[in-house]
Amino acid sequence: MKSKQNSEDDITLTALFIEALELPDDTPKQDLLNLRRGLDAQWDSIRHVFLLNQIEKRFNIRFDVADAVNIRSFADTTTAVAKKLASSEN
């Protein structure tokens, strides 16, 4: 079961994806889950950098180069953010 904080983080990530990738506000979550960086026109390298920057600002975290390269999907992003948040709590 997801915690309330995880659900709020997921909603925030959804909003950041929609903004950064210039998607319609009513984009279904499943469409976000199907997006792949480099395979979908909406997720090019410039928007990738913008997305990561917005996530870093919102969650007060920093991605290193390996993180940036390995983030290729919404699920990858969720995992990376969760790991960064968990490591910042320790």
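Trainee: Is Thr-14 buried or exposed?
Mentor: This is a predicted model, and in it Thr-14 counts as buried because its relative accessibility is 16%, where buried means under 20%.

Trainee: Where is Thr-14 found?
Mentor: Thr-14 is in helix α1.

Trainee: And which residues is Thr-14 in contact with, leaving aside neighbours within four places in sequence?
Mentor: Thr-14 is in contact with Lys-29, Leu-32 and Phe-74.

Trainee: Rings next. How many aromatic pairs does a search of the whole structure find?
Mentor: The search finds two aromatic pairs. Phe-17 and Trp-43 form an edge-to-face pair, with 5.3 Å from centre to centre and 85° between the planes.

Trainee: Are Phe-17 and Trp-43 buried or exposed?
Mentor: Both Phe-17 and Trp-43 are buried. Together with Phe-74, they form one aromatic cluster.

Trainee: What sits over the ring of Phe-59?
Mentor: The charged end of Arg-58 does, 5.1 Å from the centre of that ring.

Trainee: Change of topic. Where is Pro-24 found?
Mentor: Pro-24 is in the loop between α1 and α2.

Trainee: How many Å apart in space are Pro-24 and Glu-89?
Mentor: Their C-alpha atoms are 34 Å apart, and in sequence the two are 65 residues apart.

Definitions and conventions. Residues numbered from 1 in each chain as written. Predicted model: local features only at pLDDT ≥ 70, side-chain atom pairs only at ≥ 80, totals over all residues. Heavy atoms only, no water. Phe/Tyr/Trp six-rings, centres within 6.5 Å; stacked < 30°, edge-to-face > 60°. Buried < 20%, exposed > 50% of the residue type's maximum accessible area, 1.4 Å probe, protein only. Lys NZ or Arg CZ within 6 Å of the ring centre and 35° of its normal. Helix = DSSP H or I, 4+ residues; strand = E, 2+ residues; numbered from the N terminus. Contact = heavy atoms within 4.5 Å.
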